[in-house]
Amino acid sequence: MSNSASRAAIALSKLNGQSAAENARSFESMGDSVSAWAAKANKAYNFLTADQVRYIRSLEQQGRVAEAIRFTNEQLADSLTSRGKPAIG
């Protein structure tokens with residue numbers, strides 16, 4: 001599992017109470033279609049903008065699947081991690 005996937009699985013476990021290993025299994029289907037996985041996960045966690053979804057789809061269409069997976073995982077991890085931090089101000 002890549003570092004970005006690990007970060008995403010850990011951040012997700014803090015949100016949904018499942019273990020990081022359980023959450024990591026949900027990432028397995030990313031290899032089938034990153035953009036489909038991202039769209040489905042985005043409905044649940046609202047972590048991508050429309051431009052980011054298009055970017056993921058573009059990477060996938062160019063055959064840059066690993067980059068699309070990494071980008072998606074980074075966006076999910078960053079979004080969920082920032083939600084866990086208390087707001088200041």
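1. Let's start with Val-53, which lies in helix H4; helices here are DSSP runs of H or I with at least four residues, numbered from the N terminus. Val-53 is buried because its relative accessible area is 15%, where buried means under 20%, exposed means over 50%, and partly exposed is in between, with a 1.4 Å probe and protein chains only. Between the C-alpha atoms of Val-53 and Val-34 there are 9.8 Å, with the two residues 19 apart along the chain.

2. A word on the basis of these values. This is a predicted model, in which local features need pLDDT of at least 70 and side-chain atom pairs count only at pLDDT 80 or more, while totals for chains, interfaces and linings use all residues. Residues are numbered from 1 along each chain as its sequence is written, and side-chain values use heavy atoms, with hydrogens and water left out.

3. Next, the core. The largest nonpolar core has 21 residues, and those with the most contacts inside it are Phe-27, Trp-37, Leu-48, Ile-56 and Leu-76. Such a core is a set of buried Ala, Val, Leu, Ile, Met, Phe, Trp, Tyr and Cys residues joined through side-chain atoms within 4.5 Å. Helix H1 (3-16), H3, H4 and H5 are the elements that give two or more residues to this core, and H5 provides the largest share, 5 residues. As a general background, nonpolar side chains tend to be buried together in soluble globular proteins.

4. Leu-76 deserves a look of its own. It lies in helix H5 and counts as buried because its relative accessibility is 1%. Leaving aside neighbours within four places in sequence, Leu-76 is in contact (heavy atoms within 4.5 Å) with Ala-8, Phe-27, Trp-37, Tyr-45 and Phe-47. Ala-8 is 68 residues away from Leu-76 along the chain, yet their C-alpha atoms are separated by 5.9 Å.

5. Trp-37 is another of the core residues named for having the most contacts. Not counting residues up to four places away in sequence, Trp-37 touches Ser-26, Phe-27, Ser-29, Met-30, Thr-72 and Leu-76.

6. Of its 13 lining residues, the closest to the centre are Ser-26, Trp-37, Lys-40, Ala-41 and Tyr-45. Helix H2 (20-26) and H3 are the elements giving two or more residues to the lining, and H3 gives the most, with 6 residues. For the method: on a 1 Å grid over the protein atoms alone, a pocket is an open set of points where a 1.4 Å probe fits, with protein on both sides within 12 Å along at least five of seven lines, and lining residues have an atom within 4 Å of a point.

7. By residue class, the pocket lining divides into 7 nonpolar, 4 polar and 2 charged. Here Ala, Val, Leu, Ile, Met, Phe, Trp, Tyr, Cys and Pro count as nonpolar, Asp, Glu, Lys and Arg as charged, and the others, Gly among them, as polar. Ser-26, one of the residues closest to the pocket centre, lies in helix H2 and is partly exposed because its relative accessible area is 33%.

8. Ser-26 and Ser-79 are 53 residues apart along the chain, with 17 Å between their C-alpha atoms. Ser-79 is found in helix H5 (residues 65-84) and counts as buried because its relative accessibility is 14%. Beyond residues up to four places away in sequence, Ser-79 touches Asn-46 and Phe-47.

9. Asn-46 is worth checking by eye. It is found in the loop between helix H3 (34-45) and helix H4 (50-61), and its phi is near 45°, a positive value in a residue other than glycine. Asn-46 counts as exposed because its relative accessibility is 58%.

10. Finally, Gln-75 in helix H5 is buried because its relative accessible area is 18%. Its side chain makes a polar contact with the side chain of Gln-52 at 3.0 Å; the term covers a pair of N or O atoms within 3.5 Å, where, within protein, one must be able to donate a hydrogen and the other to accept it, and residues adjacent in sequence count only if both atoms are side-chain atoms. Gln-75 touches Phe-47, Leu-48 and Gln-52, not counting residues up to four places away in sequence.
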